[in-house]
Amino acid sequence: MINFIDLGSEIFRTGFLLAIFGYLLWVGRTRRNLPPRGWNTLLSGFGLLVFGSLLDITDEFEALNPFVIVGNTHTQALLEKVVIFPLGYLLLLRGLMRWMPAVHGLSRELECRKQVERILEAIVETRTGELKAANLALAEEVVVRRQAQEFLEITRARLEHLLTASPAVIYCCKVGGNYANTFVSENVQALVGYKPKDFIEDSRFWINHVHPRDRERVVADLDALLQRGEACYEYRFQHRDGSYRWIHDELQLVRDTEGQPFEIVGYWVDITHPKRVEQTQQRLSAILEASTDFVGFSDNEGIAQYVNQAGCRLVGMSAEEAVGRPITVFTPDWANIIIQNEGLPAAKRQGWWRGETALLHREGHEIPVSQLILAHHTSEGEVEFFSTVVRDISEHKAYESQLEYQANYDSLTGLPNRNLLQDRLEHAIAHAWRVRQGVAVLFLDLDRFKMVNDSLGHDVGDALLKAVAERLRGCVRDEDTISRLGGDEFVLVLEELRGGEMSRLIANKILAALQAPFALEGQTFRINASVGISLFSRDGKDALTLLKSADTALHWAKAQGRGCIRSYTSEMNAQVVERLTMEQSLRQAWERQEFVLHYQPIMDLQTGNMVAVEALLRWQHPRLGVVPPAKFIPLAEELGIMPTVGEWVLRTACLQSRRWQDAGLPMLTMSVNLSTQQFIQVDLTDRVAHILDETGLPPSCLAIEITESQIMQDVESAVASLRAFKEMKVHLSIDDFGTGYSSLIHLKRFPLNRLKIGKDFIHDFTKTPEDETIVLAVISLAHSLGLKVVAEGVETEEQLRFLWENGCEEMQGHYFSPPLPASEMEGLLQENRQLPLRLAYQQCH
Ligand SMILES: Nc1nc2c(ncn2[C@@H]2O[C@H](COP(=O)(O)O[C@H]3[C@@H](O)[C@H](n4cnc5c(=O)[nH]c(N)nc54)O[C@@H]3COP(=O)(O)O)[C@@H](O)[C@H]2O)c(=O)[nH]1
């Protein structure tokens, strides 16, 4: 039986040995990594001991024998005890002995290592200290760096904000070519409406948006940049919305390390507004400089800060001379007083002042000006400076005074005209009220002035008016007013008059002065004048009434004859009323067909036959009866209705003549008078031709009568008209010959047929030798010009005989027949009555 306790003890012993063995192996090899010195011996010792132990075990446990190589014998036991165990122990000892130095070395090495470790630990400790210090420094540096980083971040963010908010757009671009952008800051969008990528993606984007007119210059400047290294210029850039913005572009060339141009960096700023302001200022400045007005401004101390060119010219200084001077040097003293006392206070108060002052040229002469002063205030309400616009009104003033003169004075005589007369008269009346003295108004009209004008020409007429004005000046005091109203009408206002008689005395003095002959333009002649007088306050209390009264008195004076003086009386007004009534009735007469024609025969003094009939106008007034033409034709002329009436006369007379011819009555010449207004019609001959054509009267059956004065008004056109009539075969007669002033030279040029001697000469020639002489002279003159003579107004046989004896060809007058209505004239024609020439013959034979 197996003794399990012993077996266990043996196994334990063996296990223990194996453990020791294993440990030693482990220490030797693994821990110390030493060469296995003594190990084999040691293991052999152990091996033998183990083997010996196994043999012991087999002794105890026979069952194990088969597994033991050596059987359990005494020899074997001996061997076991003597060889195996001692050898085992010896080997074990030897192994240990060999192993000890290694262990000792190992321990020394261990000690060394420990020392090294200690040194290392010291070093580590030192280093750790250093590292700790370094770490600390590092930590501090990290903190600093972090702070720097944060600062950088903040700065970057700030810069970004600044860049976004900045009006300047930062950009980079390539050098040369199209200068394509490589970078454009975001804020470009605010500048021109485009995004940075628009600039970067299209290499021509920037240059294509530069204004075409600026492009060439900009590229040239950029090219120049390569030489200088920097540039700064302005150009227009097209905004996305199509408009152009002014850009200020400032840029620099960046070179690479080798000094070669690398890129351009710069910035764009929108200067559209300042540019506009600048342009506006330039334009304003150009306008100011181009202005013809003095424009300037001064500080509130009154020192000139700016004077434009026109201003400098007006005061005769250069801009350098003018600026810096007190503005008072530009104006005369009297104007400075106005400006200081009135202009500047008003400008300070209400912002502006306008008035008429003057500029003082450095040479001393004054220039009348219209001046505007403006006060410019600070936001605090203080006057900052004054500006002024001054306009030269010399021409205006001259024109104004010329106008004033024209408005108040008669240009021919230099006398006050109606306007100034009215003014002076009003003053005179006002003064008369105060001093309780009289004022007289003398209305003067030259007699037969029209005749002088018409016959001697307008130059003589004008010279006469001037001479009359001069003589009038000599008749009154300087304080009295002499005025010319127009034509030959003069009005005198006599002031401080004592009694109405004085006015008559002066009127007489005037008439006497005018009666002296006038020698003008080579002609000497006399004239007369008529005067109407009105007195303040008897004949009127205001200017208008006094003038009216004097005018009425003048009419009365003229009605009395030449060279009369009449003072106004209230009865005279009735005449004026009559005239007004007449005017009104005359206007209505035409509409009411109140005009008729009477016909007066013109007889041949040789045969006694009727050769012509004169058509004479009559007005059949419903209340006044037949009004003779002398009473209404001048008024009709004044009212301007005479051309219409005259045309009616012509048509009616031609028609009547044609009817008599058609009725088989003798074919006589129809003589028709033309009024002055008719005669000056430019288409007169056409009108007459048209009426002849219309009525069917042969032109040779019409005679036209015109007066000398009508012809002399415009000789050349009269000659033209008369020649045209002559060509039409119309007869022409000069009416009332001898009463006008026709020039014999002109008379020759007129293609006339007859001269009619005015009835005034015929009337009187039997009593007045002068008139007889005139009649004979006219007959002789007419004959010498190859013209027939018609004597008008023949009333007596004596007159008839005289005319017959002296070769007058024809007569017209009550002796044979007064003017007759058409029906009576027709009877006369039918009767074919002849002029009884018996008496004349009897006398002769
Ligand atoms: N433009 C026009 N003028 C006209 C027209 N009709 C007339 N007149 C002109 O008016 C003036 C006055 O004319 P009237 O009062 O008709 O006088 C004429 C005769 O009636 C008058 N006469 C004739 N014979 C005698 C006489 O023996 N004694 C006398 N006292 N008077 C007489 O003479 C005037 C003749 O006219 P005229 O030959 O033309 O001179 C007068 O000047 C007319 O021209 C008209 O239609 N248009």
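Predicted model: local features only at pLDDT ≥ 70, side-chain atom pairs only at ≥ 80, totals over all residues.
A residue counts as buried under 20% relative accessible area, as exposed over 50%, and as partly exposed in between, with a 1.4 Å probe and protein chains only. Residues are numbered from 1 along each chain as its sequence is written, and side-chain values use heavy atoms, with hydrogens and water left out.

Stay with G355 for a moment. It is found in strand β8, residues 352-360. Strands are DSSP runs of E with at least two residues, helices are runs of H or I with at least four, and both are numbered from the N terminus. Contact means heavy atoms within 4.5 Å. Leaving aside neighbours within four places in sequence, G355 is in contact with V369, S370 and Q371. The C-alpha atom of G355 is 8.8 Å from that of I339, and the two residues are 16 apart along the chain.

Now take the whole chain. It has 845 residues, and 42% of them are buried. The secondary structure comes to 30 helices and 27 strands. Consider the contacts between residues at least 6 apart in sequence: 59% of these join residues at least 24 apart. The accessible surface is about 46,000 Å², and carbon and sulfur atoms hold 55% of it. Accessible areas come from the Shrake-Rupley method with a 1.4 Å probe; for residues, only the protein chains shown count as cover.

Next, the ligand. A residue is near it if one of the residue's heavy atoms lies within 4 Å. The shell around the ligand has 23 residues, and the closest are E614, D735, E792, E795 and H814. By class, eight residues of the shell are nonpolar, six polar and nine charged. Here Ala, Val, Leu, Ile, Met, Phe, Trp, Tyr, Cys and Pro count as nonpolar, Asp, Glu, Lys and Arg as charged, and the others, Gly among them, as polar. Three elements each supply at least two residues of the shell: β19 (610-621), α19 (629-639) and β23 (731-737). The largest share, four residues, comes from β19.

A ligand nitrogen is 3.5 Å from a polar backbone atom of S675. A ligand oxygen is 3.1 Å from an N or O atom in the side chain of K756. A ligand oxygen is 2.8 Å from a polar backbone atom of H814. On its own the ligand has 800 Å² of accessible area, and the protein covers 85% of that.

Turn to helix α20, residues 642-662, which holds Q661. The helix has 21 residues and reaches 30 Å from its first C-alpha to its last. That is close to the 30 Å expected at 1.5 Å a residue, where the expected span is 1.5 Å times one less than the number of residues. Q661 is buried, with a relative accessible area of 14%. Beyond neighbours within four places in sequence, Q661 is in contact with M667, L668, L697, P698 and C701. Just after α20, G664 takes a positive phi of about 85°.

N453 is another buried residue, with a relative accessible area of 14%. Its place is in helix α14, residues 449-456. Not counting residues up to four places away in sequence, N453 touches H458 and G461. The side chains of N453 and H458 make a polar contact at 3.5 Å.

R436 is not a glycine, yet has a positive phi of about 55°. It sits in the loop between α13 (418-435) and β11 (438-447). At 73% relative accessibility, R436 is exposed. Q593 also has a positive phi, near 55°. Its loop runs between α18 (572-591) and β18 (595-604). At 70% relative accessibility, Q593 is exposed. The peptide bond from F536 to S537 is cis, with omega near 5°. S537 is found in the loop between β16 (528-536) and α17 (543-560).

How values were computed. Polar contact = N/O pair within 3.5 Å; in protein donor to acceptor, adjacent residues only side chain to side chain.
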